[in-house]
Each structure stands twice: as C-alpha cells, then as structure tokens.
Amino acid sequence: MKRVRCFFGSLVAEVKAMRPLTWVMLLITLALYFITVPYTTHFAHSRAMVTVLNGRIPLSAFAGVLSSISNIVLIFLVVFFGKLGFCTCMGITVVRFIRLAQGIFIRHNIPSLPGTFIALTSIIAVILIYRKNQSLDRMQDEKLALMKAEQEHLSQLFTETARALATAIDAKDRYTRGHSNRVADYSKEIARRAGKSEREIQEIYFAALLHDVGKIGVSGTIINKKGKLTPDEFAEIKKHTVWGWEILSNITRSPYLNIGAHYHHEKYDGHGYPEGLCGEDIPDLARIISVADAYDAMTSNRSYRYTMAQQDVRREIEKGLGTQFDPKYAKIMLEMIDEDKEYKMKE
C-alpha cells in the first residue's frame, strides 16, 4: 500500500512538472495510436486490393504494418513519458484486453482470440519495459549521485588544502594571522554585491585565499621587520607577486589563482606592481582583491602600527577611488564599512 501511495505521489509530481511541449508530444503520440488501431481492424477485415508498384496487394496485408506502428507508439510512451506514459499504456492495453476477452467469453467471438493474446502480451511487454527502464534510471541516478559525491569530495579537499596553505603563509608573519582568510571573505562579499555569478564568486574567493602565496619565498626577517623597509627590502617583498604567479601557474585547471597572486598589487592609475597595469587592463578579480587586501591591511595590527580607526580606514579607501582602487569595487567596500556600525570587520 505504501508503494502504491509512493508511486501515485511521484506520478502527480511528475505530471505537475511536465512542460507544455511534453503535453503536446504526448497528445500527438496518443492521437497516432488511436488513429492506427481502428484502421488496423478495418484493414484486417477488408478484401479490397490496392496497386503498389504495378502490383496488386490485399489491403489486409497493411494491417500488420499498422499493428506494428501502434505497438511502437506504446513502447515510445513507456520509454519517454515515465510514469504517466506507463499508466496511459496500461490503461489502453488493459481496456483493449477486457473488450477482446468479453468478445470471446460473452459473445463467443472466436476470431478475437489472437487479438486477446496480443493484448495480453502487450500488457506484459509494457510492464517489463517499464521495469527495465526504471532499473536503468536508478542505475543512472546512482551513477550521478556517486559522481556528485566525488565532485563534492574533491571540492572539499581543494578548499581545505587552499585554507591550509593560506594558514601556512600567514603563519610566516606573526602580524598577519588570518589575513588571507579575511581577504577571501571580503573579496567574496564584494563580488556578490557586484552581481557576479556563483562560479565567479568562488573563483574570486580562492584567488583571494592564495593571493599571498608568493610570500613563501620572502625572507622571514624582512616580513617580520619592525619599522620601515629599505628600498632593497621592499624590492624583495614586491617579488612575492611574481613568485606567487610562478607557484600557482602549476595548477593548470584553475588559471584564475595565479591571476590573483600576480596582479593584486596593481593600482587603478597604473602606479602599482609588478607590471604597472592601469584601469580595466588589470584583471577584474585582482581589482576586487586589491580593495579587500588594502582594507584588511589597515584594519589589522602590523609591525609598524596598530589597527587604524574605522573612519580613518574609510577616508583612505575613499581617497584611493580611481587612483589605487577601481571606483566600482571601492564604493562597494565603502558600503560594507558604513553597514559595519560596530566595526566588526577587522582582525
């Protein structure tokens, strides 16, 4: 009983989900069936002759052709219209079988005997085809579920690996613990508010998470130095964008990762590094990461200063509109600052 309720429940859901085009195709298929069946009977009892290629053929010879067409229509219904097609087929074949059986047992119409056996065979065939079709659908669903689970596993593995690597990078600098994760979160929110697609948002998130990977190659003494860096030391620090690009270029399936690492220090007015790109020549995701990176730098304790006051951070972001930052993404960052009344977006 439970299976019956489940079957009809899923049937109702399937019917509700059907599109108008599917209904049109179903009606055309049924129309074809109800046209061929009467003509099959008519042709079978006809003694008329037709001329085909200069030869005379009994019209009754075409009854088999039409019967085959009607059976193909039934198979088509079962295979392509799911539970609704199966129920329709069963309704048609059962009604046909009952009528033919009545002709034998009530009216003693013996010529109906072959048709009765054909109808019974059709019922069995419809059930077997449907069950086989269901079995194949289940196998396909299981395969898809397995592929989805594997994909989710790989995605989770990639995420955890990226986060672990980001943590290892940040651990090199005792003043930037959690920096990469915060920049990734800010970048993701900027991208979301900018109307990016889910895929773009994910790419920006991971690119931001690994934007400082090149710092692995920078001396810990320079990274943790208190006070102002010498020109040579700053030149060394700047190399992290190139080293990051070289490291992440090995991940060929995710080319956006090395873009974030390479260009996040470019400035909108062309005075950034390593290539001095300006405006929209800077990759889009790098322009987003640039704003998020600068914001987190100002809202974190560093070796050379403490966390800046929120209004000072806001003024710096505003001052950088069109010079250091892409105005579009900097304005979104300003909106986020204005909404953060309690100044929670900081280290």
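Trainee: How many aromatic pairs does the structure hold?

Mentor: The model is predicted. Rings count as a pair if their centres lie within 6.5 Å. The number of aromatic pairs in the structure is seven.

Trainee: Are the rings of F158 and F206 stacked, tilted or edge-to-face?

Mentor: The ring centres of F158 and F206 are 4.9 Å apart. Planes over 60 degrees apart count as edge-to-face. The planes of F158 and F206 stand at 65°, so this pair is edge-to-face.

Trainee: Which helices does this pair link?

Mentor: F158 and F206 are 48 residues apart, and their pair links distant parts of the chain. F158 belongs to residues 113–171 and F206 to residues 198–209. The helices are therefore α5 and α7.

Trainee: Does F206 count as buried or exposed?

Mentor: A residue is buried under 20% relative accessible area. F206 has 6% relative accessibility, so F206 counts as buried.

Trainee: Which residue lies over the face of Y205?

Mentor: Y205 forms an edge-to-face aromatic pair with F206, at 5.3 Å centre to centre. A charge sits over a ring if, among other conditions, NZ of Lys is within 6 Å of the ring centre. At 5.2 Å from the ring centre of Y205, the residue over its face is K188.

Trainee: Which residue caps the N-terminal end of α14?

Mentor: Helix α14 covers residues 327–339. The backbone nitrogen of K328 lies 2.9 Å from a side-chain oxygen of the capping residue. That residue is D326.

Methods
Residues numbered from 1 in each chain as written. Predicted model: local features only at pLDDT ≥ 70, side-chain atom pairs only at ≥ 80, totals over all residues. Heavy atoms only, no water. Helix = DSSP H or I, 4+ residues; strand = E, 2+ residues; numbered from the N terminus. Expected span 1.5 Å × (residues − 1). Polar contact = N/O pair within 3.5 Å; in protein donor to acceptor, adjacent residues only side chain to side chain. Phe/Tyr/Trp six-rings, centres within 6.5 Å; stacked < 30°, edge-to-face > 60°. Buried < 20%, exposed > 50% of the residue type's maximum accessible area, 1.4 Å probe, protein only. Lys NZ or Arg CZ within 6 Å of the ring centre and 35° of its normal.
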